[in-house]
Amino acid sequence: MKTLSKKAKYALRALYYLTPHHGGGPVLISSISAAEKIPHKFLELILLQLRGKGLVESKKGKGGGYYLAKPPDQVTIGEVIRIIDGPLAPLPCASETAYRRCDECVDEKRCGTRMVMRQVRDAMAAILDHTTLADVHDKVKATEGEPDHSLMYYI
């Protein structure tokens with residue numbers, strides 16, 4: 001099964017960081033890098049790729065940095081993942097955006113694996129294409145103040 005790349009995870013974290021700053025001006029790449037613990041050079045490459053696809057903009061010089069090109073409620077998680085990692089489908093024959101017949105396929109119309117992988121792709125797309133940066137921000141904000149039990153050890 002296809003997993004989310006480190007690059008995609010970093011891209012999402014950078015965009016999550018920019019979300020509450022939307023409309024407040026550019027954010028220094030060094031601030032994003034430090035806050036999200038993303039290697040600076042790697043983050044530069046990621047932000048350039050996102051800028052090339054119209055998700056972020058940049059301003060040079062004093063007061064410069066990066067900012068969201070669109071409101072956070074108009075950027076879906078699915079869009080970001082496709083930009084960074086490509087199609088959501090675990091098989092090329094199950095993809096909506098990058099369809100390709102599998103080399104070893106005998107009968108695509110009756111291929112059980114393709115049928116199941118289309119369902120997987122559709123379920124993933126249903127969630128990722130209907131979840132925005134704003135939705136994630138709101139979910140995270142709703143957990144503020146809750147205790148973190150993830151590293152609690154009991155003897």
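## Charge and overall build

The chain carries 23 positive and 18 negative side chains, and the centres of these two sets are 6 Å apart; Lys and Arg are counted as positive and Asp and Glu as negative, while His and the chain ends are not counted, and each charge is placed at NZ of Lys, CZ of Arg, CG of Asp or CD of Glu. The model is a predicted one, in which local features need pLDDT of at least 70 and side-chain atom pairs count only at pLDDT 80 or more, whereas totals for chains, interfaces and linings use all residues. Residues are numbered from 1 along each chain as its sequence is written, and side-chain values use heavy atoms, with hydrogens and water left out.

Six helices and two strands make up the secondary structure of the chain, arranged along the sequence as α-α-α-β-β-α-α-α; helices (H or I, at least four residues) and strands (E, at least two) are DSSP runs numbered from the N terminus. The C-alpha trace spans about 60 × 50 × 25 Å along its principal axes.

## Surface and contacts

The accessible surface of the chain is about 9800 Å², with 57% of it belonging to carbon and sulfur atoms; such areas come from the Shrake-Rupley method with a 1.4 Å probe, and for residues only the protein chains shown count as cover. Of the 155 residues in the chain, 32% are buried, where buried means under 20% relative accessible area, exposed means over 50%, and partly exposed lies in between (1.4 Å probe, protein chains only). Among the contacts in the chain with a separation of 6 or more, 60% come from residues 24 or more positions apart, a contact being heavy atoms within 4.5 Å.

L55 is placed in the loop between helix 3 (40-52) and strand 1 (56-59), and it counts as buried because its relative accessibility is 0%. Leaving out residues up to four places away in sequence, L55 touches L15, L50, Y67, L68, A69, K70, V75, E79, V80 and I83. The C-alpha atoms of L55 and P72, which are 17 residues apart in sequence, are 9.7 Å apart in space.

## The loop between helix 4 and helix 5

S95 belongs to the loop between helix 4 and helix 5 and, at 6% relative accessibility, counts as buried. The side chain of S95 reaches the backbone nitrogen of T97 at 3.2 Å, and a polar atom of that side chain lies 2.8 Å from the backbone nitrogen of A98. Beyond its neighbours within four places in sequence, S95 is in contact with P87, A89 and R118.

E108 also lies in the loop between helix 4 (77-85) and helix 5 (112-128), and its relative accessibility of 14% is why E108 counts as buried. Apart from residues up to four places away in sequence, E108 touches C93, Y99, R101 and R114. With Y99 the side chain of E108 forms a polar contact of 2.6 Å, a polar contact being a pair of N or O atoms within 3.5 Å, of which, within protein, one must be able to donate a hydrogen and the other to accept it, with residues adjacent in sequence counted only if both atoms are side-chain atoms. The C-alpha atoms of E108 and R51, 57 residues apart along the chain, are separated by 38 Å.

## Cysteines

The structure holds zero disulfides, a disulfide being a pair of cysteine sulfur atoms within 2.5 Å. C102 is buried, with a relative accessible area of 13%, and its sulfur is 3.6 Å from the closest cysteine sulfur, in C93, which is too far for a bond. For C105, the closest cysteine sulfur is that of C111, and the distance of 5.1 Å is likewise too far for a bond.
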